[in-house]
Amino acid sequence: MLKKQLQTAARDMDGKKVWVGKAAGAWAKELEGRRSRMKVLVEKLVPAVDAEIAKCPEKVTPGEARMMRMDLQGY
């Protein structure tokens, strides 16, 4: 979702229909840099999350599920 929003904003700025001028150019350059950085981070994050998910058992007992839920809630 965030990727699409930044992509749309970058496309709109490139089209020079939403904002023009020196400040607009600087902002568009920053936007593109942030968009590129986010892409790199997400490409690293997805495999890390997938690896953690793969470590989880496919099924757990109801008691284990309750304990996991409590851990996630910070009890």
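What radius of gyration does the protein chain have, and what would a compact globule of 75 residues have? The protein chain has 20 Å, whereas a compact globule of 75 residues would have a value near 11 Å. The radius is taken over C-alpha atoms, and the globule rule is 2.2 Å times the number of residues to the power 0.38. Along its principal axes, the C-alpha trace spans about 60 × 25 × 15 Å.

This is a predicted model, in which local features need pLDDT of at least 70 and side-chain atom pairs count only at pLDDT 80 or more, while totals for chains, interfaces and linings use all residues. Residues are numbered from 1 along each chain as its sequence is written, and side-chain values use heavy atoms, with hydrogens and water left out.

**Confidence and fold**

The predictor's confidence in each residue is given as pLDDT, from 0 to 100. The protein chain has a mean pLDDT of 85, and 95% of its residues reach 70 or more. Confidence is lowest in helix H1 (residues 2-14), with a mean of 77, and highest in H2, with 90.

The protein chain holds three helices and zero strands, in the order α-α-α from the N terminus. Helices (H or I, at least four residues) and strands (E, at least two) are DSSP runs, numbered from the N terminus. Helix H2 covers residues 22-55, 34 residues in number. From its first C-alpha to its last, H2 reaches 50 Å, close to the 50 Å expected at 1.5 Å a residue; the expected span is 1.5 Å times one less than the number of residues.

**Burial and core**

Buried residues make up 8% of the 75 residues, where buried means under 20% relative accessible area, exposed over 50% and partly exposed in between (1.4 Å probe, protein chains only). In H2, Ala 24, Leu 31 and Met 38 are buried.

**Partly exposed residues and contacts**

| Residue | Relative accessible area | Class |
|---|---|---|
| Trp 19 | 39% | partly exposed |
| Trp 27 | 39% | partly exposed |
| Val 60 | 32% | partly exposed |

Contact means heavy atoms within 4.5 Å. Leaving aside neighbours within four places in sequence, Ala 10 is in contact with Leu 31, Glu 32 and Arg 35, and Trp 27 with Met 13 and Trp 19.

Rings of Phe, Tyr and Trp (its six-membered ring) pair if their centres lie within 6.5 Å; planes under 30 degrees apart count as stacked, over 60 as edge-to-face and the rest as tilted. The count comes to one aromatic pair. The ring centres of Trp 19 and Trp 27 are 6.0 Å apart with their planes at 50 degrees, so the pair is tilted.

Val 60 lies in the loop between H2 and helix H3 (62-73). Beyond residues up to four places away in sequence, Val 60 touches Ala 65 and Met 68. The C-alpha atoms of Val 60 and Leu 45, 15 residues apart along the chain, are separated by 26 Å.
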